[in-house]
Amino acid sequence: MNPSSLDLLLRRFRRHMVGIRAARIVLILVVFPCAVASVTLPELLNRRGLFLLIAAGIALWIFLLAKSFQAARQVQTGSALLSIGQLNNAETWLRRAIEHFSLSTQSKIVACQHLAVLFFQRDAHQEVVLICRELLRSHIKGLRHIWVNVRLLLADSLLMLDKVAEAYEVILPVYNIPLNLADRMKLLPVRLRCELATDQTAGSVEELCEKVQIAELLDAPRAALVHALLAEACRRQSMPAQQAFLAERARLYHDLDRLVDRYPIIAPVAYSNYPPTPE
Amino acid sequence: MLTVDGVEGLIVSSRPSGRLLQGSTIALLGLSILLGAIIADPDLIPHHGPLPWLLPQIVLVFLIILIVRNSKKQRNRSQLMTDAFEAVQLQQWERARALFNQLLRSPIRYPTARAESLLGLAAVAESDHAYEASQRIYECLLQEKTADPIQLHTVRVAMAAAMLRTGQTADAVALIDRLSRMKLPGPLRAQVELLQLFREVTMGHGADAIECAEERRELFRQFLSTRAGYGYGLLAAAFDRANSPAQAQRCWHDATLLVPPTDLVKRFKELDPIRQRYVAAEIRL
């Protein structure tokens, strides 16, 4: 997908979101007054009017339900293809879900979020930033899980683009809300990278045991990354014993040489062949 | 501690009811009948008094209450499920037991969510060494076949391990052989290799275990993350039996760098002699 078609898609997404919200308000503003007003009509008209209103309501409801179901299936297929690495096919399905007519904002938002994940996997961070910013503009704070994920994804991409200050700004609101374990697992590497990039390493070495416990739950490359980041923070804070332990563990999880290409911030830990022995 | 009877009770109570008519379906059906009856007989509702104009509003309010109630119930259950899985991940077994007891006491409509919850309960049972109870859960999931393919694979692997513990060695070996012959992607292959290594260590086939030790080590490292520690621990046992103390020490060091020795021995009591013979990694945090 080239930048102009992504821009077009995002514009369409924005239009749909505004349209859906307006349609919902109109529906509420029409149905309720109609139901109330029908009682003021003469008896026969009242009954017929009420019957037509209910029948139309049920027909509309079934139609919208079918459309929402179809959109949800498209998102589900896109997400399944994404998880097995078929990025091109996943993109087609997710595009379809975004362009598809339905009154479900949630499926469109989820489709957009998956599209951001897809671009992240392609290392197209500029595109990730565009999509995530668009999502954050769409008032998704009610869908907290998605809101947190989008902010983390955006911060991650901004860090990859070396926009540290912006990344920090994006991630800051996430610090102040209670998170579940899955979100804390996603937050930890991003937060550590932000702190190391801004040289706030005193915060990184706080509650070290708790951070290591969360890192242990991550998959091998990410567990290695978090251990290496913590080791780097310990190095900067002159904590050689902890640094040596964390670096040794990081190497046991994954090859740091491979990680350092993507995350140069861990280079001092990755290239120290002989970790300092604790005094 | 979980018992076979207790687990059986939770399996039954969590099974979704086969009834076609329930909850919102009944409400919609009732509404349709009411609508049909009003059309068929306009005199069904008295022409005078508040009922003709009150009835539609009552129906509307009733539907709204039903939708709100259902979504609240759904939200509570999904929060309960999240908490229970978090407790399992953090190995807070007491909390996990209480949460799964609460969760599985009533029917779970979605088959994969139910299977995942039952797998969580089985993990709790295994933490208590209640392998008969966990085996009952695996048998039930295999019989019902409502779980997804990856869950079913996990069930088969866990079932074979449980059978090794409960002394059903012949069945366990047959199942492990069948799993080993399957073409599997890396993460699933790593689970099977760990199981096979466990079988070899339990049955004293040390030579088989160390023959492909390096490949296994790499597979564990790549796909099992922290759980690779259990693999390294079992490799240490295999090297120890094959009289290779230097390699056994190296594996035990790596194992204890990832998982504390007490946890290794709690999960595999076969590692107790290794703990006494070799030096564990020093935790410096």
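In the predicted model described here, helix α8 of chain B passes helix α9 of chain B in a left-handed crossing. The two helices, α8(B) with residues 169-181 and α9(B) with residues 186-202, have axes that come within 10 Å and cross at roughly 145°. On the side of α8(B), the contact is made by B:V173, B:I176, B:L179 and B:S180, and these residues meet B:V192, B:L195, B:Q196 and B:R199 in α9(B). By residue class, the contact of α8(B) with α9(B) divides into 5 nonpolar, 2 polar and 1 charged.

Helix α9(B) itself is largely enclosed by the rest of the structure, because 12 of its 17 residues are buried. The buried residues form a run that includes B:A190, B:Q191 and B:V192, and also B:F198, B:R199 and B:E200. The elements that cover the buried residues of α9(B) include α7 (149-165), α8, α10 (206-211), α11 (213-223) and α12 (228-241) of chain B. In length, α9(B) agrees with expectation, because its 17 residues should span 24 Å at 1.5 Å a residue and its end C-alpha atoms are 24 Å apart. The helix is followed by B:G204, the phi of which is positive, near 75°.

The chain is divided into domain 1, made of residues 1-16 + 48-182, and domain 2, made of residues 186-285. The centres of domain 1 and domain 2 of chain B, taken over C-alpha atoms, are separated by 31 Å, and 9 residues of domain 1 of chain B are in contact with 8 residues of domain 2 of chain B. On the side of domain 1 of chain B that touches domain 2 of chain B, α7 and α8 of chain B each supply at least two residues, and the largest share, 5 residues, comes from α7(B). The residues of this side of domain 1 of chain B divide into 7 nonpolar, 2 polar and no charged.

Further along chain B, B:A242 lies in the loop between α12 and α13 (245-258) of that chain. The residue is classed as partly exposed, because 16 other C-beta atoms lie within 10 Å, a count that falls between the limit of 12 or fewer for exposed residues and that of 20 or more for buried ones. When its neighbours within four places in sequence are left aside, B:A242 is in contact with B:G206, B:A207 and B:I210. The C-alpha atoms of B:A242 and B:L285, which are 43 residues apart along the chain, are separated by 34 Å.

Chain A likewise has a domain assignment, which gives domain 1 as residues 1-177 and domain 2 as residues 182-279. The C-alpha centres of domain 1 and domain 2 of chain A lie 36 Å apart, and the contact between the domains involves 10 residues of domain 1 of chain A and 9 residues of domain 2 of chain A. The elements that give two or more residues to the side of domain 1 of chain A that touches domain 2 of chain A are α6 and α7 (164-175) of chain A. The residues of that side of domain 1 of chain A divide into 9 nonpolar, no polar and 1 charged.

Helix α6(A), one of the elements named at this domain contact, covers residues 144-160 of chain A, and its 17 residues reach 24 Å from the first C-alpha to the last, close to the 24 Å expected at 1.5 Å a residue. The phi of A:D162 is near 65°, a positive value in a residue other than glycine, and A:D162 is exposed, because it has 9 other C-beta atoms within 10 Å.

A positive phi in a residue other than glycine is also found at A:E207, where the value is near 50°. This residue lies in the loop between α9 (201-204) and α10 (208-215) of chain A. With 11 other C-beta atoms within 10 Å, A:E207 is exposed.

Definitions and conventions:
Residues numbered from 1 in each chain as written. Chains lettered and ligands numbered in written order. Predicted model: local features only at pLDDT ≥ 70, side-chain atom pairs only at ≥ 80, totals over all residues. Helix = DSSP H or I, 4+ residues; strand = E, 2+ residues; numbered from the N terminus. Expected span 1.5 Å × (residues − 1). Axes fitted to C-alpha atoms, helices over the stretch in contact; angles between N-to-C directions. Left-handed = near helix turned anticlockwise from the far one by under 90°. Contact = placed C-beta atoms within 7 Å. Nonpolar A, V, L, I, M, F, W, Y, C, P; charged D, E, K, R; others polar. Domains from an automatic or database assignment.
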